[in-house]
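Take a look at the sequence and the 3D structure below. The report that follows goes through them part by part.

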Amino acid sequence: MSVVATPRPAAPLTRTASNGLRLVASPCSGGLATIAIVLPAGTLYEVGDARPGAAHLLARLLTQGTHTFPTAEALAMHLETLGGAYSAGAEHDLTSVVVSVPATELPSALAAAIEIATQPTLAERSVRLERRRFSGQLRGAAAVPAARAGDLADKLLWPDSPEGWTSLELARAVSRLQRSDLESFHAAQFGVSGAALAIATPTPLQQALASVEAATARWPAGAPRSPVIPALGQERAAAAAMAADLAYLVLAAPAVRRGHPDSDALNLLSIVLGGGATSRLFVEVREKRGLCYGIGCRLAGHSLGGTLRIDAGVPPDHLKEAVDAIIEQIQDVAATASDQEVDKARAMLLGHLAMESDRPETWARRYSRDIVQLGRPRTFQEIVAIYQALDAARVRQVAGAYFTPDKLRLSVAGPAVTRRQVRGLVPG
Amino acid sequence: MATELAVAEGLPEPQTATLPCGLRVVHMRIPGAVAIGASLGIDVGSADEPDEWAGISHFLEHLVFRGTRAYADSLAIGQAIEAVGGDFNAFTGKSYTQYICSAPLEHRELVMQIPAELVVRPALRQQDVEDERPVVIREIGLEEDSAGRRASRALEQGVWPGSTMARSIIGRPDALRAVTAKEVRRYWAAHYVPAKATLGLAGDLSLEEALELAGKAVGNWHPASAPPIPAPSAPAFQSNGLVRVETMEGRQETVLALGAPVGAWRDIDHGATAVLATLAGDGEGSLTVRSLVRKQGLLLNGGALAWLNRDAGVLGLTGSARPDGAVAAVEGIASVIRQLQQAPAGEDFRRAVGYARGEILRQWLRPLDVAIQLCHQALMGDTEYGPLRDLHELAAVTPEQIQRLAQNVFAPERLRLAVAGPAMDVARLEQALTTIPAPKRARR
């Protein structure tokens with residue numbers, strides 16, 4: 001494990017502000033600094049009086065005007081003239097705001113980032129335009145075969161939860177949202193109690209944290225709701241007949257939340273199966289059989305659940321061969337995942353993470369998410385220790401437990417594909 | 001000035017050297033970087049191909065991963081680098097091909113060796129050709145299913161009719177099905193030679209150490225002998241008027257790309273071009289995003305389009321719209337072009353310069369990105385390299401330059417529109433384009 005010998009990012013500095021906001025500062029080199037704010041405001045918090053679609057639409061409106069910069073244009077002119085880039089987005093369990101600027105501009109950018117999270121204007125006209133734009137994008141995505149296959153897989157897994165909404169369902173929900181829906185979601189979920197703020201900067205960390213604490217002193221409290229825990233669906237196959245050159249397949253299984261005892265072993269399993277050019281799926285389905293250009297397996301975990309997902313675009317007349325080849329690898333890995341494969345997967349994971357440290361935003365993003373999803377930041381040294389404790393037997397164990405035939409869901413979007421056809425391809 | 005900027009931005013400057021075999025090395029030391037990045041680039045791409053071998057540059061780029069002298073197959077290559085936490089890949093462009101590799105710094109020898117193996121000592125066996133051919137044909141399938149790729153391809157055909165630049169980098173299935181290992185080896189022997197190669201390197205190591213490792217990796221590299229290859233030749237596309245349409249049944253989004261040809265890389269004012277592109281479509285404050293996306297809601301997404309290549313480029317705007325709003329979206333894009341032909345407002349100009357500066361800092365951060373950028377600049381024929389050069393060019397740009405450039409590039413007779421999505425009325429799209437007036441030329 002020579003990868004562990006490389007110089008590592010220095011340990012972060014953590015603090016809980018007097019108002020309860022959890023803060024972390026991470027050192028970095030170079031001329032850039034990054035601010036990342038994460039809030040427990042994902043789609044799974046759209047419960048009770050919160051309307052479906054509110055998390056996504058609100059996240060898209062955060063950067064379209066704040067108290068000091070009341071329009072999207074004013075905010076852009078301010079931050080981009082400084083050399084900054086910024087974004088906001090919602091996921092299943094959280095909303096994040098990230099601002100990256102030349103380090104010399106950090107104080108000004110920090111004030112703007114905090115306003116983006118805490119004081120968006122949510123102007124009526126912006127809400128109307130963004131609602132229309134977002135629903136248009138979702139309808140466009142629903143007609144793209146690869147995206148449609150992904151939608152269908154999520155629907156099979158989590159049919160009654162926001163996690164399983166298709167693009168078309170989300171488009172319909174978004175088009176019904178009003179400004180007041182967004183304001184009430186913001187008031188509840190964007191409070192200081194559930195939030196985390198991370199900063200990566202080449203400037204002294206103590207000083208940076210003191211500035212952050214002063215700038216966030218008046219962050220409102222909020223009253224976060226309890227999230228929905230997604231329930232697994234019973235259907236196992238779905239199809240969408242669409243004009244395309246290729247048939248796009250997604251084979252998925254329910255997994256676990258981040259921080260679950262099996263989560264890190266499942267992460268290694270996903271790399272053994274479908275991470276990089278030496279993974280089992282890449283070698284068998286692409287290199288040996290020539291059935292696809294790209295194929296991968298990914299564990300998508302959040303604070304409330306997770307999914308293991310394999311996707312590929314294959315020739316429609318070789319769909320069965322491709323699905324059979326993938327399932328064969330899934331079944332085989334539970335019996336034969338070797339020490340060598342697991343060592344390589346661990347080296348890839350840790351090596352990539354170490355190399356990403358050359359970008360300041362890497363650790364700001366990671367630490368802020370960790371606080372919201374795991375309760376505290378996980379340092380590189382902790383991550384190394386966690387993965388070094390995992391071996392091939394553990395990876396085989398989780399493969400056998402989570403990738404069983406009865407848990408697999410298959411969705412396909414492509415020319416003339418039928419649900420009956422896809423049902424016939426699902427094992428068990 | 002360069003030193004002042006270097007101090008202000010904390011940026012190192014690249015150094016160059018040439019190995020005894022003739023390979024040019026461009027190196028940038030990044031103190032404290034965890035990773036090392038290397039890119040071995042070759043001055044050949046799809047625009048250099050004979051049309052009967054369309055896609056051979058990209059196919060060769062795939063084939064070398066099937067095995068080399070030191071690594072029997074793709075699995076052996078992958079295991080060597082992935083087992084130490086590294087990464088490797090390659091990409092082909094219109095005029096060059098780059099083989100890239102990165103890993104934590106202690107594996108620097110391997111990071112140099114992998115691209116060298118791929119470029120200097122590939123196996124290129126007939127069985128490799130048979131195994132890789134279906135993979136690339138699947139990649140063509142992915143491109144056919146992508147509205148963005150099809151709009152880009154249509155715009156290339158519109159702005160470069162009769163040119164090798166109009167050919168898709170990935171090639172055509174008919175040409176790929178016919179190509180043999182013998183032909184690929186001839187193509188490799190003709191182009192993969194030290195005189196056409198550049199090694200870009202970045203990480204926390206000295207130039208001396210970099211040169212020693214590079215020399216060891218490429219070894220005694222000398223051109224292989226092979227029969228001459230056919231000269232580059234252009235595909236047969238009709239210029240087909242102002243608008244090219246790619247119809248994609250069932251789609252609910254229309255992708256638009258409006259662009260005009262610009263000159264070869266060496267003839268472009270890069271600072272002014274970067275500011276013009278940023279003013280037009282890069283960032284939330286750009287004219288396209290703030291006006292067409294945010295204020296008017298005509299585009300679902302939008303941005304600048306700047307394809308700058310060794311021999312020819314395209315500058316323009318791109319975006320997507322609801323199919324029933326495509327004509328209004330083109331009218332909106334035309335209005336942005338009209339605005340660009342005026343002198344930029346002071347705050348717009350300052351935003352564009354500020355944002356472009358930030359982008360330079362973000363692009364020159366990770367060692368692998370830096371290695372790719374260094375290789376790119378050298379293969380484009382630059383003689384000065386690095387972020388400081390880019391910042392320098394940016395600092396010299398004036399609003400008057402931007403206006404002149406916009407007026408020259410976006411003259412109506414030079415503009416072409418490409419559209420991909422459900423069936424649409426071409427005449428109405430053409431009509432929307434006529435709202436772009438011929439600008440009054442600014443006096444020099």
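## A sheet in chain B

Two strands count as paired if DSSP finds at least two bridges between them. In this predicted model, Thr16(B) has Val26(B) in strand 2 of chain B as its bridge partner. Strand 1 of chain B is joined to strand 2 (residues 24-29) of chain B by 4 bridges. These two strands run antiparallel. Strands of a sheet pair through backbone hydrogen bonds, either parallel or antiparallel.

Now widen the view. Chain B has an open sheet of 6 strands, in the order 1-2-6-3-5-4. Its pairing is mixed. Strand 1 (15-18) and strand 4 (87-92) of chain B are the edge strands, so each pairs on one side only. On average, neighbouring strands of this sheet are turned by 15° against each other, direction ignored.

## Helices on the sheet

Which strands does helix 12 of chain A touch? Helix 12 (residues 339-356) of chain A packs on the sheet and touches strand 3 (35-42), strand 4 and strand 5 (97-104) of chain B. The direction of helix 12 of chain A makes about 100° with that of strand 5 of chain B.

Helix 2 (residues 56-63) of chain B lies across strand 4 and strand 5 of chain B. This helix runs at about 165° to strand 4 of chain B.

## Where the chains meet

In the contact between the chains, 61 residues of chain A meet 56 residues of chain B. Five elements of chain A give two or more residues each to this side: helix 2 (72-81), strand 5 (95-102), helix 4 (124-142), helix 10 (280-288) and helix 12. By class, the side of chain A that touches chain B has 29 nonpolar, 21 polar and 11 charged residues.

## Chain A as a whole

Chain A has 16 helices and 11 strands. Its C-alpha trace spans about 60 × 55 × 35 Å along the principal axes. A compact globule of 428 residues would have a radius of gyration near 22 Å; chain A has 22 Å, which agrees.

How much of chain A is buried? Of its 428 residues, 62% count as buried. Now take contacts in chain A between residues at least 6 apart in sequence. Of these, 80% join residues at least 24 apart.

## Two domains in chain A

Chain A divides into domain 1 (2-215) and domain 2 (237-423). Their C-alpha centres are 26 Å apart. The contact takes 44 residues from domain 1 of chain A and 42 residues from domain 2 of chain A.

Look at the side of domain 1 of chain A that touches domain 2 of chain A. Strand 2 (22-27), strand 3 (32-39), strand 5, helix 5 (145-157) and strand 6 (196-201) of chain A each supply at least two residues. Helix 5 of chain A gives the most, with 10 residues. By class, this side has 29 nonpolar, 9 polar and 6 charged residues.

## Two domains in chain B

Chain B divides into domain 1 (2-218) and domain 2 (243-433). Between their C-alpha centres lie 26 Å. Here the contact takes 43 residues from domain 1 of chain B and 39 residues from domain 2 of chain B.

Which element gives the most to the side of domain 1 of chain B that touches domain 2 of chain B? Helix 6 of chain B does, with 10 residues. Among the elements that each supply at least two residues to this side are helix 1 (2-9), helix 6 (147-159) and strand 6 (197-203) of chain B. The residues of this side are 24 nonpolar, 13 polar and 6 charged.

Technical notes
Residues numbered from 1 in each chain as written. Chains lettered and ligands numbered in written order. Predicted model: local features only at pLDDT ≥ 70, side-chain atom pairs only at ≥ 80, totals over all residues. Axes fitted to C-alpha atoms, helices over the stretch in contact; angles between N-to-C directions. Contact = placed C-beta atoms within 7 Å. Nonpolar A, V, L, I, M, F, W, Y, C, P; charged D, E, K, R; others polar. Domains from an automatic or database assignment. Rg over C-alpha atoms; globule rule 2.2 N^0.38 Å. Buried ≥ 20, exposed ≤ 12 C-beta atoms within 10 Å, placed from the backbone.
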